[in-house]
Amino acid sequence: MAEFKRSEHITAGEIDRNNIPRHIAIILDGNGRWAKEQGKPRTFGHAKGAEAFRTLSYYCQSLGINYLTVYAFSTENWKRSKLEVNTIMKILGQYLQIGIDEMIEDQIKMRIFGDVSVLSKDLQALVQKTNELDDQIQIEDGFQANLCINYGGRDEIVRAARRYAEEVKNGTRENDLSEEEFSGYLYSAGIPDPELLIRPGGEKRLSNFLLWQCAYSEFYYTDTLWPEFTPAELDKAIIAYQKRDRRFGGVKEDSKHG
Ligand code: IPE
Ligand code: IPE
Ligand code: MG
C-alpha cells in the first residue's frame with residue numbers, strides 16, 4: 001500500500017481548484033544525473049524515479065486530475081547499455097505488478113502506451129493483466145495513469161496511419177479521415193489531449209513524446225531532476241499553467257477590436 005494516499009499530504013494551497021488540468025503529461029527525465037549526484041549507478045536513479053511516479057499518481061488522483069501520462073522508456077532508449085535497459089525493464093515489471101495488486105482497491109486505471117510486442121514475455125503478460133483489470137474499474141470521472149513504454153510519437157503516428165490505410169484498402173473505411181478520427185487510431189484514443197506537459201531535468205525538448213497530442217499543450221520546464229519531483233513541484237507547475245493565456249490561435253475577447 002502506498003504511503004502517499006491521504007489528503008493531509010495535499011499541498012495545493014494556491015491552486016485554483018476550478019481550473020485543474022484534466023490531463024497532465026510528464027517526461028520522466030533526470031534519473032541518471034540524480035543518481036550521479038548521489039555517487040550511485042544510473043540504475044539507482046531509475047528505481048527512485050519509479051517511486052516518484054507512484055507518489056505523484058496518488059497526488060494527481062487526490063487533486064481530481066483524470067489522466068497522467070508519463071514517458072518512461074522511449075523507442076530511442078534501446079541505445080543505452082544492456083544493463084541499464086534490463087534494469088529499467090525490471091523496475092517497470094515490478095511497478096506494473098504493484099499496480100496490478102493495488103489498482104482495484106485504489107480505483108486507479110492503468111494503461112500502457114507503446115509497442116509492447118518486443119518486450120519480454122513476462123512484461124507482456126503484466127501489460128495484458130493490467131488491461132484486463134482496467135475493464136473492472138468502472139468509475140466515472142476517475143483517475144487513469146498512462147505509462148509509455150517503448151513509446152515514440154512518430155512511431156505512434158506511423159502505426160495509426162498504417163492501420164487507417166489498411167482499413168481503406170480493405171474497404172471498411174472511406175478515405176475521409178478527420179483530425180478527430182485520426183486521434184482515435186492513436187494509443188491515446190478517447191483521451192483528451194494534455195493541457196499541460198511537464199519536463200523535469202532541465203532539457204527543453206520533446207524527445208519524441210506525444211507529438212500529435214501536444215499540439216496545443218502548455219509546456220512547463222524545470223531543472224529539478226525527476227526523482228526529486230515532489231507533489232509540491234507539481235503544484236508549482238499547475239500554478240504556472242493557471243497563469244497562462246491559452247488562445248488556441250484566436251485573440252482575447254477584449255482585444256478583438258483593436
Ligand atoms: C529518464 O532519466 C529515464 C529514461 C529515459 C529511461 P534518464 O535516464 O534519461 O536520466 P538522465 O537524463 O540521463 O539524467
Ligand atoms: C526522454 O528522455 C525519454 C524518457 C524520459 C523516457 P531522454 O533522456 O531519453 O531524452 P534525451 O536523450 O535527453 O532527448
Ligand atoms: Mg535523460
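A polar contact here is a pair of N or O atoms within 3.5 Å of each other. Keep that cut-off in mind as we walk through this predicted model, starting at the ligand.

Gly32 uses its backbone: one of its N or O atoms there lies 2.9 Å from an oxygen atom of ligand 1. For Arg42, a side-chain N or O atom is 2.8 Å from an oxygen of ligand 1, and for Arg80 the corresponding distance is 2.6 Å.

Now for the aromatic rings. The structure holds 12 aromatic pairs. Take Trp226 and Phe229: their ring centres are 5.3 Å apart and their planes meet at 25°, so this pair is stacked, given that planes under 30 degrees apart count as such. Trp226 is buried, at 0% relative accessible area, and Phe229 is buried too, at 2%. Elsewhere, ring pairs join Tyr71, Phe113, Tyr151, Tyr187 and Phe209 into a cluster.

Lys40 places its charged end over the ring of Phe44, 4.6 Å from the ring centre. Lys204 does likewise with Tyr221, its charged end sitting over the ring at 5.9 Å from the centre.

Terms used:
Residues numbered from 1 in each chain as written. Chains lettered and ligands numbered in written order. Predicted model: local features only at pLDDT ≥ 70, side-chain atom pairs only at ≥ 80, totals over all residues. Heavy atoms only, no water. Phe/Tyr/Trp six-rings, centres within 6.5 Å; stacked < 30°, edge-to-face > 60°. Buried < 20%, exposed > 50% of the residue type's maximum accessible area, 1.4 Å probe, protein only. Lys NZ or Arg CZ within 6 Å of the ring centre and 35° of its normal. Polar contact = N/O pair within 3.5 Å; in protein donor to acceptor, adjacent residues only side chain to side chain.
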